[in-house]
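Today I opened my notebook to look up salt bridges. Here is what I had on screen.

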Amino acid sequence: MGHLPMHDHSVLRRFYPLIFIGLATALAGCMLGPDFKHPDAPKTNGYTAKPLPKHTVATPGAGGKPQTYVVNRDIPVAWWELFHDKNISALVEQGIANSPTMAAAQASLINAQETLNAQIGNSLFPAFNANVGGTRQRVGSGQGLGSPGDVFNTFNANVSVSYTLDVFGGARREIEALAAQVDYQQFNLIATYLTLTSNIVITSLNLASITAQIGATHDLIKAAEGELRLMKDQYALGAIPLTNVLAQQTLVDQTKATLPPLQQQAIQAEHALAALIGRFPDTEIPHLVLNKIRLPKDIPISLPSNLVRQRPDVRASEALLHAASAQIGVATANLFPQFTLSAADGWSADVASSLFTPSTKVWSLASQITQPIFHGGALFASRRAAIAAYDQAGAQYQQTVLQAFQNVADTLRALANDARTFQAQKAAEIAARKNWVITRQQFALGGVSYINLLSAEQSYQQSRISSIQAQAARYVDTATLYQALGGGWWNRSSSLCDAANRTNASLQCP
């Protein structure tokens, strides 16, 4: 096989003018369609119609400290550490490291990034292809290529290049839309991260609450069984009727009957936590003690104008709005001509050994303009559809913003109401316990009937469980507020990667 002569020009050098002309034309071309602008921040100065108090009410005991509303207080990226519970922090770190949901969101982001890279390569740069081929052909009587029945060979080798000029910006708008899809997947990853961490914290707090209720129920059963033993002794002496013993036995059994549902709730919460941290249900979940979890003292309140930049679901919705805007430009550009330049440089011969000789040199240059004339109205319909899709994305964005503000407003009010509820429930618990203790003493001395004792015992049982639930609600709604405000991801340029690295996660960071 021959070799390319040293004095022959480079094949690529022949196409430099084509490339430069194409790129210059594309850069000088216009971009049809609207240029996207970020939606304006909501014109509101607060989250609630009535001003919030400076702080919540205080209650004696664990979980009863007042919380202070702090305007424009930033949120740390690891906000769950504000609860000062090592077990909760460990569960969150395991979830970040092992969650398949996080891995799937990460893969979706990489997919979007590589799709964008492929579109850039296909749209903004010429396509070069090397072709080598051989043909053996028999001439027919009507071909005019020689005598009928002749058989001959053709060998060719060439480098071809083609480039479609982006005169009206359709390709660049398509790249813009794909870049917006990358933004969407990025914020979807952040939203997945926020949802995962919030669900782990909230499920942990609910498990701690259920565990505390189980412990309280065991205490109540133990006390009720003590009363039952005393009554049986009194009945044996003829001091009380059998109906009192049977009523107390009923109370003991009814209280015991509340245990299995609580234990089932605890098991389900443990299984849910195992799934959230990427483990199977047989994973042992650390013991969580409600009274050892610290209630965050300060309640952050982001400025309303900042909330839309902090909420990942709002940012993701904005990215979809951006993509829909770019698609209008794509549909508009499709109404105009497309300009394509192509060239080939190579050799063609009937004998392979002479393929790369000067006499077999061949080249070609071509240009093509394609102007849509009639497509049955499809192109105009596609543009109208793109405009409608943009309007739809705009309405969905507005709904997402409204939902975000509602989430924050609901939670801010819930925190104030939770504190008052816990204060009232704790006071009721203390009063019910005092009443129960006094009634027991009076009953032992014969000062009150058993009905009074039974009523006091039931009241204390109910108030103690309600007090635990009210205490847990303060913790849960505090975690919900951190989630509603966006979770602090913006405090680090690569917070997800940092969190993954802290836990030796296997996630790939973009």
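Entry 1. Which residue forms a salt bridge with aspartate 166? I looked it up and found arginine 172, with the closest N and O atoms 2.7 Å apart. I keep in mind that this is a predicted model.

Entry 2. How many salt bridges does the structure hold? I noted eleven.

Entry 3. I turned to aspartate 35, which forms a salt bridge with arginine 173; their closest N and O atoms are 2.7 Å apart. This pair links distant parts of the chain, the two residues being 138 residues apart. I found aspartate 35 in the loop between helix 1 (11-28) and strand 1 (68-71), and arginine 173 in helix 4 (residues 170-236).

Arginine 173 has 1% relative accessibility, so I wrote it down as buried. I also saw that Asp35, Arg173 and Glu176 are linked in a network of salt bridges.

Entry 4. My last stop was helix 9 (residues 378-444), where lysine 426 and glutamate 429 sit three residues apart. Their side chains meet in a salt bridge, at 3.4 Å from N to O. Because they are three residues apart in the helix, about one helical turn separates lysine 426 and glutamate 429. Lysine 426 counts as partly exposed, at 22% relative accessibility. Glutamate 429 has a relative accessible area of 12%, so I marked it as buried.

Notes:
Residues numbered from 1 in each chain as written. Predicted model: local features only at pLDDT ≥ 70, side-chain atom pairs only at ≥ 80, totals over all residues. Heavy atoms only, no water. Salt bridge = Lys/Arg side-chain N within 4 Å of Asp/Glu carboxyl O. Helix = DSSP H or I, 4+ residues; strand = E, 2+ residues; numbered from the N terminus. Buried < 20%, exposed > 50% of the residue type's maximum accessible area, 1.4 Å probe, protein only.
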